[in-house]
Amino acid sequence: MYGSKPIFLPNRVFIFGDIHNEAYKLIDVLEQVEPLIEEEDHIVFLGDIINRGAYAARTIETLVDLCRRRPKQVVFVEGNHEEMFRDYLVKGSTACQRYTASTINNLKDVWNLPNASVAV
């Protein structure tokens, strides 16, 4: 923009994307990267955190724990898989059932949720 000056942040941004319920891969990467993250840094998750993979509950629990440890640093951007999952939960949409089934069924099993199964 005319007349504006660029802004240079003195901190770093760690970006993660397309986790797809791969909790143990996420945990492995976080164990390697988190010691490098300073208080001024940001941690951004670019969507597609859920759906497809088998470890939905563990993925969510890992991210909730990260948010508790670093509440001012973690940012989430909704991806199309989060949108599909929300549409299933809020609207009952089954348009992307093949993706949401693994997530819903894992959450049901691990967290003992009643009536939460989805047929593939």
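Visitor: Why does Thr-62 count as buried?

Guide: Buried means under 20% relative accessible area, exposed over 50%, and partly exposed in between (1.4 Å probe, protein chains only). Thr-62 has 9% relative accessibility and therefore counts as buried. Thr-62 is placed in helix H2. It touches Leu-26, Ile-27 and Leu-30, not counting residues up to four places away in sequence, where contact means heavy atoms within 4.5 Å.

Visitor: On what basis do these values rest?

Guide: This is a predicted model, in which local features need pLDDT of at least 70 and side-chain atom pairs count only at pLDDT 80 or more, while totals for chains, interfaces and linings use all residues. Residues are numbered from 1 along each chain as its sequence is written, and side-chain values use heavy atoms, with hydrogens and water left out.

Visitor: How many helices and strands does the chain have?

Guide: The chain has four helices and three strands. Helices (H or I, at least four residues) and strands (E, at least two) are DSSP runs, numbered from the N terminus. From the N terminus on, the elements run β-α-β-α-β-α-α. Of the 120 residues of the chain, 40% count as buried. Of the contacts with a separation of 6 or more, 74% come from residues 24 or more positions apart.

Visitor: Why are H1 and H2 called roughly parallel?

Guide: Two packed helices are described by the angle between their axes and the distance between the axes. Axes are lines fitted to C-alpha atoms, for helices over the stretch in contact, and angles run from 0 to 180 degrees between N-to-C directions. Angles under 35 degrees count as roughly parallel, over 145 as roughly antiparallel, 65 to 115 as roughly perpendicular and the rest as oblique. The axes of H1 (23-33) and H2 (residues 56-69) cross at roughly 30° and come within 8 Å. H1 and H2 are therefore roughly parallel to each other.

Visitor: Which residues of H1 and H2 meet?

Guide: Ala-23, Tyr-24, Leu-26, Ile-27 and Leu-30 in H1 meet Arg-58, Thr-59, Thr-62, Leu-63 and Leu-66 in H2. By class, this contact of H1 with H2 has seven nonpolar, two polar and one charged residues. Here Ala, Val, Leu, Ile, Met, Phe, Trp, Tyr, Cys and Pro count as nonpolar, Asp, Glu, Lys and Arg as charged, and the others, Gly among them, as polar.

Visitor: What makes H2 roughly perpendicular to H4?

Guide: H2 and helix H4 (residues 97-111) pack at an angle of about 75°, with their axes 7 Å apart. That angle lies in the range 65 to 115, which makes H2 roughly perpendicular to H4. The contact is made by Ala-56, Ala-57, Ile-60 and Glu-61 of H2 and by Thr-103, Asn-106, Leu-107, Val-110 and Trp-111 of H4. Its classes are six nonpolar, two polar and one charged residues.

Visitor: How do you know that Thr-103 is buried?

Guide: The relative accessible area of Thr-103 is 1%, under the 20% limit, so Thr-103 is buried. Thr-103 touches Asn-21, Ile-50, Asn-51, Arg-52, Ala-56 and Phe-85, not counting residues up to four places away in sequence. The C-alpha atoms of Thr-103 and Tyr-55, 48 residues apart along the chain, are separated by 7.5 Å.

Visitor: What makes E1 and E3 the edge strands?

Guide: Three strands form an open sheet in the order E1-E2-E3, with parallel pairing. E1 and strand E3 (74-76) are the edge strands: each pairs on one side only. Two strands pair if DSSP finds at least two bridges between them. E2 and E3, which run parallel, are joined by three bridges. Ile-43 has Val-74 in E3 as its bridge partner. H2 packs on the sheet, touching E2 and E3, and its direction makes about 135° with that of E3.

Visitor: Why is His-20 called buried?

Guide: His-20 has a relative accessible area of 11%, under 20%, and is therefore buried. His-20 lies in the loop between strand E1 (13-16) and helix H1. Among the residues that His-20 touches are Asp-48 and His-81.

Visitor: What is noted about phi of Asp-48?

Guide: Most residues other than glycine have a negative phi. Phi of Asp-48 is near 55°, a positive value in a residue other than glycine. Asp-48 lies in the loop between strand E2 (42-45) and H2, and is buried, with a relative accessible area of 11%.
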